[in-house]
Amino acid sequence: MNFLVQRSDVGEFRRRYRWMVLVVLVAFSILIGRLFQLQILEGDVHRAQARRNIIGEIPQATSRGVIRDAQGKVLAANRPSYNVYVVPELLDLEKTWPRVVQLMGLDPAEKQELEQKIRTALAAPGGRKSQQIPLKLDVERDVVARLETHQGDLRGVDVTPVPVRYYPFGELAAHLVGYMREVDADTLAELEGRGYRAGDRLGAIGVERRWESYLRGQRGWRKVLRGIRRRHDKEQLEAKYLEEPRRLEPVPGRDVSLTIDIELQKSIERGMRGQLAGAVVVLDVRTGRVLAALSKPSFDPNVVSGGSGKKAVAEAFRRLYADPLKPTLDKTISAAYPPGSTYKPFSALAALDEKIVTPKTEVDCRGGYEYGRRYFRCTGVHRRVDLYEALVHSCNTYFYAMGERIHIDRLAKIGMDFGLGAKTGIGVNPESRGRMPTRSWYTRRYKGAFRGGFTLLAAIGQGASTVTVMQLALSYAALANGGTLYQPQVVRSIETSDGTIVQEFPPRVRRMVKVDSEHLAWIKEGLAGVVSESEGTAHNEAFPDIDMAGKTGTAQVSHVTPRGVDPDKVWYFNRDHAWFAGYAPVSAPEIAIVVLVEHGGGGGKNAVPVAARVVTDWQKLKEKRLSARATAAKPAIKRSSL
Amino acid sequence: MRANRISFRSGPQIDMPLLIGVMAISTLGVVNLYSATSVYIDAGQRAGIADIYVSQVYWIVVGGLLAILAAAVDYRHYERLAYFMYVAGLVALAAVFPLAADIRGSSRWLQFGGFSFQPSEFMKIFVILVVAKYLHNDPKTEPRTLIDLAVPLALTAIPVTLVMAQPDLGTSLIYVLTVGTILAMTKLQVRSLLWLAGIVAISVPLAWNYLLHDYQKARVTSFLDPEGDKTGTGWHAFQSKTAIGNGGLWGEGFMQGTQNQFGFLPDQYSDFPFAVFAEDWGLVGCVVLISLYAFVCIWAIHVASQAKDRFGAALAIGSGALIFWHSFFNMGMVLGVAPVVGITLPLFSYGGSSVLTILVALGMLMNVSMRR
């Protein structure tokens, strides 16, 4: 072992050892210093970050409030839409996919298209193939049932319910109730801080839009542990790491009860079935509440609210906007039309007030009226007519003669007093103002050349005068109730989801119209005669005993053809609008009704039957409800006596 | 220290402080590995990872036996075999390229029967041996020039080049630092020191531009600008810092660290076990652990200072340097004071080759200690 004895001098190394110890101590001290910094000085920051890492907040969906009619019938509610999603990566295209096709009952074309979609996602770079892609939205219940029964064999296929707005009555009152749309980027920026997120839906028009903030409700959240792998001790871990409060319950949206009576709305819809386009409003003359409002043609809010996907919505809107009959326009509020002869009662009131005419004043109608170099035509030859007969026969000559002696501003003022040519303040949907032309308006419009003929036309509701259907209904309600002009109301009350009333909306009077009650009585007598007299323009043999008063109107339309109309159909758009405005019953009015049939032709022939039918149905409804209430009340009394 | 020795007979005496220190570190390492991998218990396909602490115990037992063997044979025999072992190590390193199993983009492992091992790990010991032998046989007393150190530097450069090509920046860094530490014991001329500084200053930018891979550069840049990127390369560093800070003074408790238990720590059983330890045991636990590593390093210097010859001293310093640089760089990387390079924490990181290498090195340290 002598080769092991050989030794070398270690002296050279000696002086380095202390330095090395120092280096070791300094190096590890740096580490400890850094640990001190991270764990003690910055400990709270890192602990907070560690908590943020593991705790997530899952939003808890709220449910949108229900919209009901005056009788409690649901007009808008929520239903689950069952959407089928696939994760392309997990789906076995050889085995599972044909089974899915069979269970969903897809036809070959659909199968081809969806398979293409899956293959595209599979081929796409990045993580797309591991994410859910929608296969089909809003599938039928039995498909859902079949898919759920076989869920075990369908790896990568998920059925998820998503709440969707549901309108049980479809097109009925769609303009008033409204529909939902997805919030766009601009609106989202505007609504910042109010809990909206991309992909949320909000009310687009009507009550859905006006009462959005009430209907919407408030999202809740729930804290969860993220990335949790060990499920067996999940509850203990949650108890340890999730601070109270662990959840915020969502607040469901408020329910909204409308003044609308959907049964009456149905009756209007039936009455208007023979007409292409138009609008009908029925009001309670004692409150100004809107009982029914129909705008035709309508649309199905279920389709445009997006339950069946963005593509279906875009397609539906493309069709709606292309329709020259303007289905998206609320013709009760957002469009103004010349009132025609329905304006005559107001002209007459002004003339009576100015003492230009008395009920006994007579005018000889020979089929027209000569004024200056123009000849103003009447609807017929009425011979000698007084005020009553002029209203019953809707004699233009009488009103031309009157118009020659009255100032146009007086005619405009009486209309304005009754709320015509001014916004009603209904609140839902954009309102058209309409127009009651005055002298100064004409001066501005025709560059100083005012002509007396304008006044003659204004007296019969033609010329530049325009009103909305809603305005006219309110003005007739004011005629019926003795001069009270109400603000129209659509919402009766706001309720919590358990039915407690949060807010009620009592009737609101806009103005008491100053009108001589004797004058009013003469006018009302005339309006009753329009319906009851056998020569009355609103007399209809089909409804001989109807208890209704009112005035017909045939409004000439300016011959401007809307764009994009088939030349073969232009004749339709040149036809007159048919009006009927009135109230019922005659002696103690309860409702006011206005019917406008766009391009319907004569008011007597086209608008009156609709109004008569609605009033008849309204009577029947009223009686039915009275007797139903009577029978319902009896057992209640019995119970309380026990 | 003499009191600890069994002194009824002359001859090799077991170095009890070293033994106890190493056993303490190993125990903590296995316990920590259990916590680090417990997150996989219910993890389905990866549930097997939850059991690797058992394998780690096996490796420590095997490594312990090898260490006893390494300690039992007089270290002066290694001096004779140093060149042979060095060449054998180089052959194994070169064999990696045609034969290696490619794991995560770099080829470091050799399949050997049912086991795969990393020749680059064992090469650390052979490099220490060969440099120690050179110094042993070059008994200068006057200050050296760089030319005097050309041979040991060249002996280091060959394995460094081979390992860089795998590519494995961390391991080649360990070679360089360990050899550098051994050579730091020698006296150098002032002029040579200046030359050395100059060469380093020139070679660093060159290495940056031509030698380092993009992912390696990215790790360095993310170290220099830790806030710059919390999702990409900076993710590991960010989450490990969060885990450490979350530990606080006393720690979240054994198997209670949320960063680990909820899967926010990547590589928690290979490169980041210290983050798990710091989160579970807090500053107090970390100070204990760092003190243990510091003790082993300083003890190695102590052993070197009492070594009978240059070979023994260089061997002791080399073994200590191996522990020091591994532990310092790994903890520094986890703490965000060093770039993220794949350097294991001795006896904490899971891995057979790493455990065996460290334990054999400690066995040789024990060898020198027993024969001062």
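Glu269(A) is in contact (heavy atoms within 4.5 Å) with Leu172(A) and Leu294(A), once its neighbours within four places in sequence are left aside. In this predicted model, local features need pLDDT of at least 70 and side-chain atom pairs count only at pLDDT 80 or more, while totals for chains, interfaces and linings use all residues. Residues are numbered from 1 along each chain as its sequence is written, chains are lettered from A in the order in which they are written, and side-chain values use heavy atoms, with hydrogens and water left out.

The residue Glu269(A) belongs to helix H12 of chain A, residues 262-271; helices (H or I, at least four residues) and strands (E, at least two) are DSSP runs, numbered from the N terminus. Glu269(A) counts as partly exposed because its relative accessibility is 28%; on this scale buried means under 20% relative accessible area, exposed over 50%, and partly exposed in between, with a 1.4 Å probe and protein chains only. Between Glu269(A) and Leu172(A), 97 residues apart along the chain, the C-alpha atoms are separated by 7.5 Å.

Chain B contains 13 helices and 3 strands. Of its 372 residues, 56% are buried. Among the contacts in chain B with a separation of 6 or more, 74% join residues 24 or more positions apart. The accessible surface of chain B, from the Shrake-Rupley method with a 1.4 Å probe, comes to about 15,000 Å², and 69% of this belongs to carbon and sulfur atoms.

Leu169(B) lies in helix H6, residues 169-183, and is buried because its relative accessible area is 18%. Leaving aside neighbours within four places in sequence, Leu169(B) touches Met164(B), Leu212(B), Gln216(B) and Val341(B). The C-alpha atoms of Leu169(B) and Leu212(B) are 8.2 Å apart, although 43 residues separate the two along the chain.

Next come the nonpolar cores, sets of buried Ala, Val, Leu, Ile, Met, Phe, Trp, Tyr and Cys residues joined through side-chain atoms within 4.5 Å. The largest has 110 residues, and those with the most contacts inside it are Phe28(A), Leu129(B), Phe274(B), Tyr293(B) and Leu362(B). Helix H11 of chain B (residues 273-305) provides the largest share of this core, 19 residues. Another core, apart from this one, has 108 residues, including Leu172(A) and Ile333(A).

How much area do chain B and chain A bury between them? The answer is about 5,100 Å², 65% of it on carbon and sulfur atoms, where buried area is the accessible area (1.4 Å probe) that two parts lose on being put together, summed over both. The contact takes 68 residues from chain B and 46 residues from chain A. On the chain B side, Met185(B), Phe262(B) and Arg310(B) lose the most area to chain A, together 13% of what that side buries. The interface holds 2 salt bridges, each a side-chain nitrogen of Lys or Arg within 4 Å of a carboxyl oxygen of Asp or Glu. Arg51(A) forms a salt bridge with Glu252(B), and the closest N and O atoms are 4.0 Å apart.

Finally, Leu41(A) is found in helix H2 of chain A and counts as exposed because its relative accessibility is 61%.
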